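Dear colleague,

I am passing on the structure below, together with some notes on what turned up when I went through it. Please have it open while you read.

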Amino acid sequence: MFILKRTDVEITTVQHPHRDQQIPVLNYQGQTFRLMKMFSAQQAEEARALWRDLTDNKGKACVLLEESDRYSVWGKVRLDQLLGEGHGGTDTKLPILTQASLLLLQAVYFDIEDLLGGRQAASFEKDLIKIFQKSQFPQADNAEAVKVLLTLNPLDSLKVPPWQENHLSTFLQELYNLGKGYFGNTSFAEGIEEVLEGLSADDREQFVSWLNQSSLGKLWIIN
């Protein structure tokens, strides 16, 4: 993401919520990053290699901080998430939210294909790629990756994309806008319970509860 110098950033600490420990936090242009790994001055290449791997191959939002006597790699995090982390609280629900979101995506895509035809479905794929690239979605920035998201059952997949809540919120808003544009109405987003039937009752309830915590609940309507 970025290679920064010490003068570019502000480094502070916050209290770990469950341990007697201070967590280093790097602030850059209103964004917050948590220390992932520190390197000595002699490990410059190792630091750069880790940073490139995380950003290019794993889709992580990271910065490499270059100082005179050391290097460090920092990963982007929301401060409220950091302060409230319980080592599993938010993270354990993300795969469920992602699976549910992908079920909605596939329902919209298959309806476009069935009702509007293959040409419109192909156009929809291209629109999706643009959205993913613009918002820098991990593991979704090329045609092959998008094809997998559209066709592979997310409930059977051992690994869903490592999207955060901000990715999912953006995705469902953009998916709603796309669907409205293709169908000319919003009926596709009403009564989505049937689409979510593959989820367990608890997972479905968790997703619906998450939707209703924001304006998304007014777009994707549960009967």
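**The sheet and the cores**

Six strands form an open sheet in the order E1-E5-E6-E4-E3-E2, with mixed pairing; strands, of at least two residues (E), and helices, of at least four (H or I), are DSSP runs numbered from the N terminus, and two strands count as paired if DSSP finds at least two bridges between them. Strand E1 (2–5) and strand E2 (10–15) stand at the edges with a single partner strand each, so one side of each is left without a neighbour in the sheet. From one strand to the next the twist averages 35°, where axes are lines fitted to C-alpha atoms, for helices over the stretch in contact, and angles run from 0 to 180 degrees between N-to-C directions.

Please note that this is a predicted model, in which local features need pLDDT of at least 70 and side-chain atom pairs count only at pLDDT 80 or more, whereas totals for chains, interfaces and linings use all residues. Residues are numbered from 1 along each chain as its sequence is written, and side-chain values use heavy atoms, with hydrogens and water left out.

Strand E6 (residues 70–76) pairs in the antiparallel sense with strand E4 (residues 31–40) over seven bridges, with Leu35 opposite Trp74 and Met38 opposite Ser72. E6 also pairs in the antiparallel sense with E5, over five bridges; Cys62 stands opposite Gly75 there, and three residues lie between the two strands of this hairpin. Five of the seven residues of E6 are buried, that is, under 20% relative accessible area with a 1.4 Å probe and protein chains only (exposed is over 50%, partly exposed in between).

Helix H1 (residues 44–57) packs on the sheet and touches E1, E4, E5 (62–66) and E6, its direction making about 165° with that of E5; contact means heavy atoms within 4.5 Å.

As for nonpolar cores, each is a set of buried Ala, Val, Leu, Ile, Met, Phe, Trp, Tyr and Cys residues joined through side-chain atoms within 4.5 Å. The largest has 41 residues, and Phe124, Leu172 and Trp220 have the most contacts inside it. Helices H3 (94–116) and H6 (165–183) are among the elements that give two or more residues to this core, and H3 supplies the largest share, 10 residues. Leaving aside neighbours within four places in sequence, Leu172 is in contact with residues including Leu104, Phe207 and Trp220. A second, separate core of nine residues includes Ala47, Leu64, Tyr71 and Val73.

Best regards
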